[in-house]
Amino acid sequence: MSSPTGPASGLPVRMPRPRQPGRHRRPEPLAAPEGAPALLLAVPGTPSAATRSLAEEVVSIARSELPGLDARIGYLDGDDEFPTLQSALAHASEERAARFEQARAAGSDVAEPDGPVAIVVPLLAGPDNALLRRVRQAVMESRVAAELTDVLGPHPLLAEALHVRLSEAGLARADRARLFTVATAADGIVLAAVGGEEAVQAAGITGMLLAARLAVPVMAAALDEEGSIAAVAEELRNSGSQQLALAPYLIGPELDSGLLEAAAKEAGCHAAEALGPYPAIGKLALAQYTSALGIAPPQPQGAPVR
């Protein structure tokens, strides 16, 4: 319930503007609640300039979807140049305490902040228990009140992103509505995941959505399990697919250098790029954050694949 002086704490703040008349008026935009926890993107893998660029683009997308969002980046394997997850949490905690002290010194009658300092969102498309254990351990070691969300998938927007990456590589038709063909379009897709059997099963859910989009068989396999990609490729060929493609169900930082190329060579097929900073990644990270807070901005929508 809102008070005469503004919305209650924890509720999304609506930006006042003249409302358009009629049934087709646009919904009023949301903004991050005042004093809301930070969204802390937990980035796996070895930090690099490319990884930093990707992570910054993801948080930029999240900020554009929710104005006023305090979005930060912490690296699981950070160093002096790339802030670790622990140091990013500590910095967020120090800044929140400083804001409270500053407000109190100014005579503002504010309550001491409670609840999590940050909502930690792993930059992972699917479950990787080894990486998630490390993220959880880093949060515990920081001794900062923080909440860890689930990974980003499975989700229909990830199927869209996979479709886009395949079409960019010339391995799938770009537009399902147009009945043109691509000479190199694949008639079978191997969906590569990292993180063991649970990750493969989760990738398979998104794979079913991708199969519906492309009208070709899609099977998930473990990129980090020797022989798994080649075995699934052989299974697809035995079922009638002749021109295969390898689609990484991975955002990028968690992918070991050379692993994708080696698997594609072993399976005898071309590979698409990892998902990278596709707009859906930032929107799904924000969706995990707002779900943890119990607020509901507009649901992430995809764009038609052209």
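1. Strand β7 (residues 188–193) and strand β9 (residues 244–248) pair in the parallel sense over five bridges. Two strands are said to pair if DSSP finds at least two bridges between them. Helices (H or I, at least four residues) and strands (E, at least two) are DSSP runs, numbered from the N terminus. Within this pairing, alanine 247 of β9 is the bridge partner of leucine 191. In general terms, the strands of a sheet pair through backbone hydrogen bonds, in either a parallel or an antiparallel manner.

2. The model is predicted: local features need pLDDT of at least 70 and side-chain atom pairs count only at pLDDT 80 or more, while totals for chains, interfaces and linings use all residues. Residues are numbered from 1 along each chain as its sequence is written, and side-chain values use heavy atoms, with hydrogens and water left out.

3. Strand β7 is also joined to strand β8 (residues 218–222) by five bridges, and these two strands run parallel. Here isoleucine 189 has valine 218 of β8 as its bridge partner. Between β7 and β8 the chain passes through helix α5 (residues 197–214), and this β-α-β crossover is right-handed. A crossover is called right-handed if, with the strands pointing away from the viewer, the path from the first strand over the helix to the second runs clockwise.

4. Is strand β7 mostly covered or mostly open? It is mostly covered, as six of its six residues are buried. Buried means under 20% relative accessible area, exposed means over 50%, and partly exposed lies in between (1.4 Å probe, protein chains only). Both faces of β7 are covered: Gly188, Val190 and Ala192 are buried on one side, and Ile189, Leu191 and Ala193 on the other.

5. Helix α4 (residues 156–168) has 13 residues and reaches 19 Å from its first C-alpha to its last. This is close to the 18 Å expected at 1.5 Å a residue, where the expected span is 1.5 Å times one less than the number of residues. Eleven of the 13 residues of α4 are buried, so the helix is largely enclosed by the rest of the structure. Among these buried residues are Leu157, Glu160, His163 and Arg165. The buried residues of α4 pack against β7, α5, β9 and α8, contact being defined as heavy atoms within 4.5 Å.

6. The backbone around α4 deserves attention. Glycine 153 and proline 154 are joined by a cis peptide bond, with omega about 0 degrees. Proline 154 lies in the loop between β6 and α4. After α4 comes glycine 170, whose phi is positive, near 75 degrees.

7. Which strands form the open sheet, and in what order? Four strands form it in the order β4-β3-β5-β6, with parallel pairing. Strands β4 (71–75) and β6 (146–148) stand at the edges, each with a single partner strand, so one side of each is left without a neighbour in the sheet. From one strand to the next the twist averages 30 degrees. Axes are lines fitted to C-alpha atoms, for helices over the stretch in contact, and angles run from 0 to 180 degrees between N-to-C directions.

8. Inside this sheet, strand β3 (residues 38–43) pairs with strand β5 (residues 118–122) in the parallel sense over five bridges. Leucine 40 stands opposite valine 120 in β5. Helix α8 (residues 279–293) lies across β3, β5 and β6, and runs at about 140 degrees to β5.

9. At 79% relative accessibility, arginine 143 counts as exposed.

10. Serine 228 is in helix α6 (residues 228–238). With a relative accessible area of 14%, serine 228 is buried. Leaving aside its neighbours within four places in sequence, serine 228 is in contact with Ala221 and Ala222.

11. For the chain as a whole, the secondary structure comes to eight helices and ten strands. Of its 306 residues, 46% count as buried. Among contacts with a separation of 6 or more, 71% are between residues 24 or more positions apart.
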